Amino acid sequence: MDLFEQRKVYTVFEITSEIKQTLDKLGVLWIQGEISNFKHHTSGHMYFSLKDDRAQIKAACFRNSNLYLKFRPEDGLEVIARGRISVYEPRGDYQIIVEYMEPKGLGSLQLAYEQLKEKLRKEGLFDDAHKVALPLLPHKIGIVTSPTGAAIRDMLRILKRRNASLHVLLYPAKVQGAGAAEEIAAGVRYFNTRKDIDVIIVGRGGGSIEDLWAFNEEVVARAIYRSEIPIISAVGHEVDFTIADFVADLRAPTPSAAAEMVSGARDELSATVVSLQGRLARAMRRGIERRRLELERLARSRAFSITPNMIRDFQQRFDEATLRMIQAVRKLTTETRHYREMLHTRLVKVDLRQIIGRRREIVARNWQHLISSVKARLQKEHSRLELAAGRLDALSPLAILQRGYAICKDERGAILRDAATVSPGDRVAVNLAKGGLDCRVEDVKT
Amino acid sequence: MELKVKDFETALKSLEDIVAQLEAGDLALDKALELFEEGVKISRFCNAKLEEAERKVETLIKTADGTVKEAPFSEDQSGGES
């Protein structure tokens, strides 16, 4: 029983409180471990475990603490967390309440930068398709930066040196420290509410990664992405790349370079316009000159130059022809009249009897001539006839019989040329030059 | 003839087009003159646009009632924070 009397019996709550007090004595401590089972509750609180190869401990990072984390915790990430061990009495759990943590190895800012960059890249905030070209000739530019920083000083110096006729509107914003990102984003949003801003420049001078951090914040990236007005990001030095640089339509390596970008085109454009004006005038002058030359050439060409002459020539030729025609007609009339008169005179003078007598003579002479030529012709035809008769005679069968040949015919009167066509006993007739013979065939020799 | 273009980019583009057309030289004279006239107007417009903006630097000041107003910005006041 003593044992029982001596023993101290705690209630569950008492022992839990005891444990809690003991753990509280540990105070603020640092723990290194790997995050696992990470959950970001809709309340904003984060719940996870920290583990190593032999143990694990539950951890919670409440909203008011994790808001200031520069990176996004995730499973598998090795972190160093600062916090207190606390006991969650209703469940008897103990856990570390993390107030701050940073990734081991990589600086937390660097990691946060990489994480946000990857996230926004996946969302398409850096896509070239979203980027718009700067206007060729901006008139009014909005600058979001510190009114007392090096950036605005550098930009104004460049604009002054380039004698750029630009209207600059400065939105004064904190560019580092708490609330800077919000102010920068507000500046971008403000300029978008105006209708008169051609280009926005957001930027600041050089500094450490912490100094430039505002330009790596999501709120700035999103404000730039949503801007309807083209934005140049001009943060720090050439080597500094911020998230804002990736989202912006154009990255200027430095604020001075941004000022060059918005003012540089003016001189070139001015030169372009002057050159175009020159070309315009020259083209027109050339066009007119070309037409004038063409006109002159045409005017000099035969087709045109001959025409007046030709008309003159034709006129002259026509006139001459007319004159000559009139003269010719007149002459012809006169000649005709003379001729008729002459004929008449001759006709009157002619002795008809003499003419008739002469004609008779001609007729008589021709008559004689006709008779004698007919006679001669008859003579000629007669001798031709005699000649032909002689030759005909020579060809006559009678003349052949005369030379001792005979014609032998069968009973039908057909002339026999082949002994085989008759047989012994046939009667044949033989014609001689004078008279004929009726014969009987004694024998046939073939 | 009313100038159709209102902004510098479009004006410059049409001026380039007009010059190219004229330089091609195969236009009817009437058309060429018409284009030339338009080209002259556009180039005047471009020059005017180039001259238009005055160099002015202003800063925005938030007033007590939350509105924003513009005030001249002294360029010499800047400096200090880098």
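How many residues of chain B are in contact with chain A? Keep that in mind as you go through these close-ups of a predicted model.

**View 1. Chain B meets chain A.** Here's the count: 38 residues of chain B are in contact with 38 residues of chain A. On the chain B side, the elements that give two or more residues are helix 1 (8-24), helix 2 (29-52), strand 1 (56-62) and strand 2 (68-72). Helix 2 of chain B brings the largest share, with 11 residues. Sort this side of chain B by class and you get 17 nonpolar, nine polar and 12 charged residues.

View 2. Zoom in on strand 7 (residues 167-172) of chain A and you'll find it joined to strand 1 of chain B by four bridges. The two strands run parallel. For a landmark, look for V168(A), which stands opposite V57(B).

**View 3. A barrel in chain A.** Five strands of chain A close into a barrel here, and their order is 1-2-3-5-4. The pairing is mixed. On average, neighbouring strands are turned by 50° against each other, direction ignored. Helix 2 (residues 12-25) of chain A lies across strand 4 and strand 5 (93-103) of chain A, and runs at about 145° to strand 4.

View 4. Let's start with strand 1 (residues 29-40) and strand 4 (residues 78-88) of chain A, an antiparallel pair with six bridges. Q32(A) has I80(A) in strand 4 as its bridge partner. Next come strand 2 (residues 46-51) and strand 3 (residues 56-61) of chain A, also antiparallel and joined by six bridges. Which way do strand 3 and strand 5 of chain A pair, parallel or antiparallel? They pair in the parallel sense, over three bridges. In that pairing, look for A59(A) and its bridge partner I96(A) in strand 5.

**View 5. A three-stranded open sheet.** Further along chain A, three strands make an open sheet in the order 11-12-13, with antiparallel pairing. Its edges are strand 11 (407-409) and strand 13 (436-440), each of which pairs on one side only. Neighbouring strands here are turned by 25° against each other on average, direction ignored. Three bridges join strand 11 to strand 12 (residues 427-431) of chain A. Within this sheet, C408(A) stands opposite V430(A) in strand 12.

**View 6. The largest nonpolar core.** In soluble globular proteins, nonpolar side chains tend to be buried together. This model's largest nonpolar core has 53 residues. The ones with the most contacts inside this core are I184(A), V188(A), V220(A), I224(A) and A244(A). Helix 5 (residues 150-161) of chain A gives the most to the core, with seven residues.

**View 7. Around V220(A).** Which residues touch V220(A), leaving aside its neighbours within four places in sequence? V220(A) is in contact with A181(A), I184(A), A185(A), A214(A), F215(A) and A244(A).

**View 8. A second core with residues from both chains.** A separate core has 19 residues. Among them are A283(A) from chain A, and F8(B), F36(B) and C46(B) from chain B.

Key. Residues are numbered from 1 along each chain as its sequence is written. Chains are lettered from A and ligands numbered from 1 in the order in which they are written. This is a predicted model: local features need pLDDT of at least 70, side-chain atom pairs count only at pLDDT 80 or more; totals for chains, interfaces and linings use all residues. Two strands pair if DSSP finds at least two bridges between them. Axes are lines fitted to C-alpha atoms, for helices over the stretch in contact, and angles run from 0 to 180 degrees between N-to-C directions. Two residues are in contact if their C-beta atoms, placed from the backbone, lie within 7 Å. Ala, Val, Leu, Ile, Met, Phe, Trp, Tyr, Cys and Pro count as nonpolar, Asp, Glu, Lys and Arg as charged, and the others, Gly among them, as polar. A nonpolar core is a set of buried Ala, Val, Leu, Ile, Met, Phe, Trp, Tyr and Cys residues joined through C-beta atoms within 7 Å. A residue is buried if 20 or more other C-beta atoms lie within 10 Å of its own, exposed if 12 or fewer, and partly exposed in between; C-beta atoms are placed from the backbone.
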